[in-house]
Amino acid sequence: MPDKNIALKIEELVKKFGNFTAVNNLSFEVKDGEIFGLLGPNGSGKTTTLNMILTLITPTSGSIKLYGKDIHQNINESKKEIGFMTQETVIEQDLTPRENLEIFGELYHIPDLDNRVEESLKDAELSDFADYKASAMSGGMQRRLALVRSMIQKPKMIILDEPTTGLDVQNRSSLWDRIRKLKKQGMTILITTQYLEEADALCDRIAVIDHGRIKAIGTASELKAQVSTGDILEIITTIKYVEQVAQILKKFDLKPEIKTDIVTAPISKTEVIKFSDITKEVIKNNIPILGISMHLPTLDDVFIKLTGSGLRDSASGSPKISIGAKK
Ligand SMILES: Nc1ncnc2c1ncn2[C@@H]1O[C@H](COP(=O)(O)OP(=O)(O)OP(=O)(O)O)[C@@H](O)[C@H]1O
Ligand SMILES: [Mg+2]
């Protein structure tokens with residue numbers, strides 16, 4: 001008997017494009033009613049994984065089950081049960097929000113579509129804009145429309161691929177509120193993100209994914225506890241000096257990790273005393289210090305530990321993975 005508490009069960013999922021393995025033996029479960037996050041940098045395999053769940057591409061191997069049923073053997077049923085908002089959300093700009101919703105609703109043969117459209121417009125706080133062209137709406141409004149449109153058929157689960165990328169802070173936090181509200185209403189949510197603070201703020205559990213592989217799964221606190229139960233010492237210098245700083249930390253029996261111009265090391269509560277000695281030693285060696293701090297582990301620290309080389313920057317050169325707010 002399938003476990004009713006498990007919405008989605010993914011086992012040993014692999015996707016190869018030619019010789020390149022984009023998704024490498026992923027296994028994870030999304031529990032019914034939770035917000036589960038796939039957190040990984042550009043090109044880590046998030047969208048490819050979602051595309052397999054959405055039956056848009058066929059896995060090379062492995063299985064995906066939705067409430068116990070193989071997704072690829074029940075494509076039509078699965079499509080009704082999973083709503084999705086893609087990374088490249090397309091709202092028809094020449095149509096009104098109402099028309100955008102109607103077209104989607106017709107695809108799903110929704111009975112009493114007029115009422116469902118009204119309800120969706122209300123949910124998205126777009127009733128007053130229902131009959132204006134979508135092109136007149138702000139980015140935040142378009143995303144709200146896309147979100148309700150993705151749920152027009154009242155799915156059991158919703159998949160959101162980087163839903164807040166490109167949104168300003170205010171719109172991002174308002175979308176987070178909407179996602180939390182959906183969870184309260186009983187929706188199961190699978191979300192991908194490159195933002196550590198988004199995963200931290202929103203997700204009940206997180207799978208850290210890098211190069212198509214899962215590095216760790218757990219709640220944000222569980223993941224942070226893997227790094228350190230104490231504090232993280234962080235020293236910002238220049239790239240030229242990071243090795244030297246790391247060597248100094250090793251002398252104090254710490255385990256430094258280097259991320260471009262930042263050296264971090266976990267410090268247990270009992271070792272906090274070392275902080276001033278380390279600072280003195282760094283200064284004595286004439287190493288330029290741009291910043292030195294102690295903070296509780298963030299998901300950023302988790303990433304550095306799990307991926308070894310630290311966060312890889314996005315192709316554009318600007319890291320979309322933001323440094324989590326220091327706590
Ligand atoms: N159709 C395809 N053919 C060849 N390679 C592909 C194809 N689709 C994806 N890839 C490659 O697979 C890897 C994973 O891509 P994917 O889009 O899943 O990453 P992602 O984690 O969603 O990244 P992003 O955060 O940039 O959206 C990338 O290296 C990408 O270039
Ligand atoms: Mg993607």
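Which residues in α5 meet N171, S174, L175 and R178 in α6? The legends below start with that spot. Keep in mind that this is a predicted model, where local features need pLDDT of at least 70, side-chain atom pairs count only at pLDDT 80 or more, and totals for chains, interfaces and linings use all residues. Residues are numbered from 1 along each chain as its sequence is written, while chains are lettered from A and ligands numbered from 1 in the order in which they are written.

**View 1. Helix α5 meets helix α6.** The α5 residues are G139, G140, R143 and L147. Here, being in contact requires C-beta atoms, placed from the backbone, to lie within 7 Å. Helices are DSSP runs of H or I with at least four residues, strands are E runs of at least two, and both are numbered from the N terminus. The axes of α5 (residues 139–149) and α6 (residues 169–184) come within 10 Å and cross at roughly 20°. That makes α5 roughly parallel to α6, a label for angles under 35 degrees. Axes are lines fitted to C-alpha atoms, for helices over the stretch in contact, and angles run from 0 to 180 degrees between N-to-C directions. The crossing of α5 past α6 is right-handed, as the near helix is turned clockwise from the far one by less than a right angle. Sorted by type, the residues of this contact are two nonpolar, four polar and two charged. Nonpolar covers Ala, Val, Leu, Ile, Met, Phe, Trp, Tyr, Cys and Pro, charged covers Asp, Glu, Lys and Arg, and the others, Gly among them, are polar.

View 2. Strands pair if DSSP finds at least two bridges between them. Five bridges link β1 (residues 6–17) and β4 (residues 61–66) in the antiparallel sense, and I10 has I64 in β4 as its bridge partner.

**View 3. The shell around ligand 1.** How many residues surround ligand 1? There are 13, and the closest are F17, A22, K46, T47 and T48. To count as near, a residue needs its C-beta atom, placed from the backbone, within 6 Å. Two elements, β2 (20–31) and α1 (46–53), each give two or more residues to this shell. Helix α1 gives the most, with three. By type, the shell has three nonpolar residues, nine polar and one charged.

View 4. Six bridges join β11 to β13, with L233 opposite A265 in β13. Strand β11 (residues 231–236) also pairs with β14 over five bridges, and I236 stands opposite G291 there.

Terms used:
Angles under 35 degrees count as roughly parallel, over 145 as roughly antiparallel, 65 to 115 as roughly perpendicular and the rest as oblique. Two residues are in contact if their C-beta atoms, placed from the backbone, lie within 7 Å.
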